[in-house]
Amino acid sequence: MTGSEKLVLSRGDITEATTDAIVNAANQGLVGGGGVDGAIHRAGGPEIMAECDRIRAEKGGCPTGTAVVTTAGRLRARVVIHTAGPRWKGGAKGEAEDLASCYRACMELAREGGHRSVAFPSISTGIYGYPVEEAAEIALSTVAGHLERHPDAFDEARFVLFSEADLEVYKRALDRLKEGSPDSA
Ligand code: ADP
């Protein structure tokens with residue numbers, strides 16, 4: 001898949017990413033939480049939650065599979081794109097569609113905002129319990145598909161994995177995607 005050429009995998013803390021946009025694995029209420037959500041609000045400061053509060057007041061929050069944009073506060077990125085991933089409930093409750101929808105919604109908002117580089121965490125694979133092997137394939141193929149459809153819009157889509165084990169899972173999934181093997185869809 002040609003879009004996969006702009007996919008970059010790294011291990012680290014997404015709050016330190018220097019991409020134009022960083023993605024937060026948030027929740028429907030945009031109320032803050034643990035994991036990457038807590039880290040982003042702590043590092044970015046109260047301005048981010050102030051905008052989340054305004055969005056919640058206006059729109060009621062961020063339904064699963066959708067995304068909203070706020071300032072990045074003190075972070076180096078220009079914006080934070082918050083998306084609410086699905087909770088894993090065994091796989092037959094539309095989790096895969098919802099997870100793909102998160103990645104698509106984030107890429108669409110980044111493109112609309114003219115943000116040429118985006119950093120993603122591994123959405124839903126922490127507290128929400130999505131199996132990382134399956135989530136990695138959906139994440140990478142969905143983002144690569146968007147990059148392929150919009151070849152001039154982005155320089156880079158980066159996945160910042162928190163653990164070495166997750167990075168290895170994403171590396172194997174990216175290899176399969178690049179090889180175009182049938183189980184990479
Ligand atoms: P979710 O509720 O969507 O599962 P979590 O924040 O619990 O979200 O976890 C998503 C992934 O983000 C997990 O792999 C977790 O280890 C990882 N993570 C936690 N903190 C950070 C961070 N600072 N930077 C990047 N990834 C992080």
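In this predicted model, 24 residues line the largest pocket. Ala-25, Gly-35, Val-36, Gly-126 and Ile-127 lie nearest the centre of the pocket. The volume of this largest pocket is about 530 Å³. Three elements each supply at least two residues of the lining: strand E2 (21-26), helix H1 (35-44) and strand E6 (156-161). Helix H1 gives the most, with four residues.

The partner is helix H2 (residues 46-59), and the two axes come within 6 Å. The axes of H1 and H2 cross at roughly 115 degrees. On the H1 side, Ile-40, His-41 and Gly-44 take part. They meet Pro-46, Ile-48, Met-49 and Cys-52 in H2. Five residues of this contact are nonpolar and two are polar, with no charged residue.

Two further pairs of packed helices involve H4. Two packed helices are described by the angle between their axes and the distance between the axes. Helix H3 (residues 95-112) packs with H4 at an angle of about 35 degrees. The axes of H3 and H4 are 9 Å apart. The crossing of H3 past H4 is right-handed. From H3, the contact draws on Ala-96, Leu-99, Ala-100, Tyr-103, Arg-104, Met-107, Glu-108 and Arg-111. From H4, it draws on Ala-135, Ile-138, Ala-139, Thr-142, Val-143, His-146, Leu-147 and Arg-149. The residues of the H3 and H4 contact divide into 10 nonpolar, two polar and four charged.

H4 passes H5 in a crossing that is right-handed. In H4, the contact residues are Val-132, Glu-133, Ala-135, Ala-136, Glu-137, Ala-139, Leu-140, Ser-141 and Ala-144. In H5, they are Asp-166, Val-169, Tyr-170, Ala-173, Leu-174, Arg-176 and Leu-177. The contact of H4 with H5 holds 11 nonpolar residues, one polar and four charged. Ala-135 and Ala-139 of H4 take part in the contact with H3 and in the contact with H5.

Key: Residues are numbered from 1 along each chain as its sequence is written. This is a predicted model: local features need pLDDT of at least 70, side-chain atom pairs count only at pLDDT 80 or more; totals for chains, interfaces and linings use all residues. Side-chain values use heavy atoms; hydrogens and water are left out. A crossing is left-handed if the near helix is turned anticlockwise from the far one by less than a right angle, and right-handed if clockwise. Contact means heavy atoms within 4.5 Å. Ala, Val, Leu, Ile, Met, Phe, Trp, Tyr, Cys and Pro count as nonpolar, Asp, Glu, Lys and Arg as charged, and the others, Gly among them, as polar. On a 1 Å grid over the protein atoms alone, a cavity is a set of points where a 1.4 Å probe fits but cannot get out, and a pocket is an open set with protein on both sides within 12 Å along at least five of seven lines; lining residues have an atom within 4 Å of a point. Grid points are joined across faces, edges and corners, and a volume is the space filled by probe spheres set on the points. Axes are lines fitted to C-alpha atoms, for helices over the stretch in contact, and angles run from 0 to 180 degrees between N-to-C directions.
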